Amino acid sequence: MKKIKILIAAGSILLLSAGACSDDFLDLAPISQQNSSNFYKTAEDMKNALTAVYGSLQYGGQYYSSIHVMGDLRSDNTEITNPNAGADLQAIDNFTNTPVTSTSSITWNAHYQGIQAANILIEKIEPVNMEPALKARYLGEAKFLRALMYFNLVRIYGDVPLVTKVINNPQEGYDYGRETTAKVYEQIIADLMAAEGSLPYTYPAAEAGRATKGAAMSLLGKVYLTRKEWSLAAQKLKQVIDDSAQTRYRLMPTYAGIFGASAENNLESIFEVQFKSGSNGEGSPFTNQFAPIGSGTAVVAVGNPLGQNIPTATMNSAYEANDLRKDVSMKTSYVLAGKTVLHNYVVKYSGTPAANLDSDNNWIVLRYADVLLMYAEALNELGFVANGPAFDLLNQIRTRAGLPIKTFANANPALQITSQAQFRLALEKERRVELAFEGHRWFDLVRTDRALAVLADKGMQPHHVLLAIPQSQVDINPSMIVQNPGY
C-alpha cells in the first residue's frame with residue numbers, strides 16, 4: 001500500500017529535535033519510540049510532548065530553512081546568484097518551480113508533522129491528572145503553534161487539508177482533502193482565541209521563548225490583517241500595544257540590539273524559534289546559509305558558506321541614506337586574501353558557529369515593530385487621516401532608524417504623504433527595510449495584492465501567488481488532493 005505522506009503515524013511519539021524554549025527548556029529532550037498507550041500519562045509526559053511540538057519548528061521545512069525561502073527568496077528581497085547554492089532554490093527564486101520541486105514537499109511535510117505533534121498533545125492531555133492551570137497553558141501553547149503552522153500553510157498553498165485530530169494509521173490520511181482557505185482560517189482564529197485566553201503574558205527567565213498571550217494576540221492581528229478584516233485587526237493590534245505594560249513589549253533602543261545570540265528573547269521580541277549551538281543538532285544554519293559561496297572564512301569563520309538568500313540590488317537601494325538598519329542587516333562587500341570582493345550578503349544572523357550549520361541565532365517570528373506597522377496599516381485602510389495615529393506609528397520606526405519623519409505637509413516631497421495610496425506605499429517600503437530577511441516580504445506583497453506588480457519582471461505570473469501542491473500528495477490521493485491552477 002502506498003505510504004501516506006501528508007501525516008505521520010502516531011503510534012509512537014515523534015522523533016523530534018528538543019529545541020523549543022530557552023536553554024533550560026532545550027535540555028528537555030522528548031521521549032522517543034515509546035508506545036502511546038504507555039505514554040501521555042503524567043504532567044511530565046505532556047511537557048515532553050509539548051517540547052516535540054516546539055521542536056517541529058526547527059525542521060528543515062519550517063524555520064530552519066524553508067520560511068526564509070518562502071518569505072524572502074520568492075520576493076524581490078533576495079536571490080540565488082550562484083547555481084551551486086541549489087537548483088530547487090533557484091527554481092523558487094526564478095518562479096520556474098514545479099510540483100516536484102523538493103522545497104514544496106519538504107515544507108508541506110514538516111508542517112503537517114508539527115500539526116500532528118500538536119494534535120497529539122491536544123487530544124492526549126485531557127484525561128491526564130495535572131494542575132488545571134498548567135493543563136490549560138499547555139493546551140494554549142499547542143493551539144498557538146498549530147495556528148502558526150496552519151497560517152504558514154494556508155498562505156503558501158491556499159486550500160489545504162484541515163486535520164485537528166490524531167491520525168493513528170496511514171489509511172486515515174486518505175479521508176482528508178483540501179479544505180477551503182476560509183475554513184482553515186476559522187480554525188486558526190479559534191485556536192488563537194483559545195490560546196489568548198489561557199496563556200500568560202510572561203514566563204520566568206528559564207522558560208523564555210514559550211508562546212505567550214501577547215504572541216497569540218499579535219498573530220491573530222496578523223491573521224485579521226491578512227484577511228483584510230481591518231477593524232478586527234486594528235482592535236487586536238491596539239490591544240497588544242495597550243497591554244505593553246503587562247507584556248513588556250517595546251522597541252529596543254537600537255536596531256542592532258534586536259539581533260544576535262546575546263539579544264535573543266529581548267523586549268521587542270514577541271515570539272522566536274529557539275536555536276542553541278553545540279547541542280546535538282539544536283543550532284541554526286543561517287550564518288552559513290547566507291554567506292556568499294567562495295567567501296572562505298572572510299564572512300563566516302566556521303563551516304561552509306552556502307550562498308543562499310543573497311540580497312538583491314533593489315534591496316540594497318531600498319535603504320535611504322543614513323538608515324541605521326542597513327549595516328545591521330546586510331553588507332555589500334568582504335575582504336578575501338587582501339582583496340575586496342563586491343557581493344551582497346545578509347549579516348543580521350552573523351555569528352561564529354560551533355560547527356557547520358550550528359549557530360546560536362534564533363529566528364524571530366513576531367516582534368513589536370511588526371505590530372506597530374501592522375496597526376498603522378489597519379488604521380490607514382480604515383481611513384486616511386493626515387498626520388494621524390498611523391503616521392505616529394510609522395515615524396516611531398523611522399526615528400529609531402535615524403531617519404526624518406514623514407508628514408502630510410512636508411516641504412520635502414520624499415517625506416510627504418498626502419493620500420491613503422501613498423501611505424500604503426510608504427508602509428510597504430518601511431516594512432521591507434525594517435523586517436528585511438525575516439521572512440515577511442513575500443507575504444506582505446501577497447497580502448496587499450502587490451506581488452504581481454512588483455515581481456512580474458522577476459518572472460512571476462498570477463498563479464504563482466500560491467506554491468504548487470507537492471506532486472507526491474496529488475499522486476497519493478488524486479480524488480481528494482487537486483493541484484493548484486497553473487502547475
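Figure 1. Asp72 is placed in helix α4, which covers residues 67-73; helices (H or I, at least four residues) and strands (E, at least two) are DSSP runs, numbered from the N terminus. The model is a predicted one, in which local features need pLDDT of at least 70 and side-chain atom pairs count only at pLDDT 80 or more, while totals for chains, interfaces and linings use all residues. Residues are numbered from 1 along each chain as its sequence is written, and side-chain values use heavy atoms, with hydrogens and water left out. Asp72 has a relative accessible area of 0% and is therefore buried (buried means under 20% relative accessible area, exposed over 50%, and partly exposed in between, with a 1.4 Å probe and protein chains only). Apart from neighbours within four places in sequence, Asp72 is in contact with Ile67, Asn77, Thr78, Asn309, Phe437, Glu438, Gly439 and Arg441, where contact means heavy atoms within 4.5 Å. The C-alpha atoms of Asp72 and Ser198 are 33 Å apart, and the two residues are separated by 126 residues in sequence.

**Figure 2. Confidence along the protein chain.** The mean pLDDT of the protein chain is 92, and 92% of its residues reach 70 or more; pLDDT is the predictor's confidence in each residue, from 0 to 100. Over residues 1-34 the pLDDT is below 50, and this stretch has 112 contacts in the model beyond near neighbours in sequence.

**Figure 3. Packing of helices α7 and α8.** Two packed helices are described by the angle between their axes and the distance between the axes. Helix α7 (residues 132-157) and helix α8 (residues 181-198) have axes that come within 8 Å and cross at roughly 150°. Axes are lines fitted to C-alpha atoms, for helices over the stretch in contact, and angles run from 0 to 180 degrees between N-to-C directions. The angle makes α7 roughly antiparallel to α8; angles under 35 degrees count as roughly parallel, over 145 as roughly antiparallel, 65 to 115 as roughly perpendicular and the rest as oblique. The crossing of α7 and α8 is left-handed, a term used if the near helix is turned anticlockwise from the far one by less than a right angle, with right-handed used if clockwise. On the α7 side the contact includes Phe144, Ala147, Tyr150 and Phe151, and on the α8 side the residues include Val184, Tyr185, Ile188 and Leu192. The residues of this contact between α7 and α8 comprise 12 nonpolar, 4 polar and 5 charged. Ala, Val, Leu, Ile, Met, Phe, Trp, Tyr, Cys and Pro count as nonpolar, Asp, Glu, Lys and Arg as charged, and the others, Gly among them, as polar.

**Figure 4. Packing of helices α10 and α15.** The axes of helix α10 (residues 230-242) and α15 come within 9 Å, crossing at roughly 145°. This crossing of α10 and α15 is left-handed. Residues of α10 in the contact include Trp230, Leu237 and Ile241, and those of α15 include Tyr368, Leu372, Tyr375 and Leu379. The contact of α10 with α15 divides into 14 nonpolar, 1 polar and 3 charged residues. Helix α15 spans residues 368-382 and also holds Asn380. Asn380 is buried, because its relative accessible area is 3%. With residues up to four places away in sequence not counted, Asn380 touches Gln420, Phe423 and Arg424.

Figure 5. Helix α16 (residues 389-400) packs against helix α17 (residues 420-434) at an angle of about 30°, with the axes 11 Å apart. This makes α16 roughly parallel to α17. The crossing of α16 and α17 is left-handed. In α16, Ala390, Phe391, Leu394, Ile397, Arg398 and Arg400 meet Phe423, Ala426, Leu427, Glu430 and Glu434 of α17. Of the residues in the contact of α16 with α17, 7 are nonpolar, no residue is polar and 4 are charged. Arg431 also lies in helix α17 and counts as buried, at 3% relative accessibility. Leaving aside neighbours within four places in sequence, the contacts of Arg431 include Lys222, Asp370, Glu377 and Asp444. Arg431 and Ile397 are 34 residues apart in sequence and 9.5 Å apart in space, C-alpha to C-alpha.

Figure 6. Tyr40 is not a glycine, yet has a positive phi of about 55°. Tyr40 occupies the loop between α1 (22-26) and α2 (43-56) and is buried, with a relative accessible area of 6%. Arg248, likewise not a glycine, has a positive phi of about 70°. Arg248 lies in the loop between α11 (244-247) and β2 (269-273), and its 47% relative accessibility makes Arg248 partly exposed.
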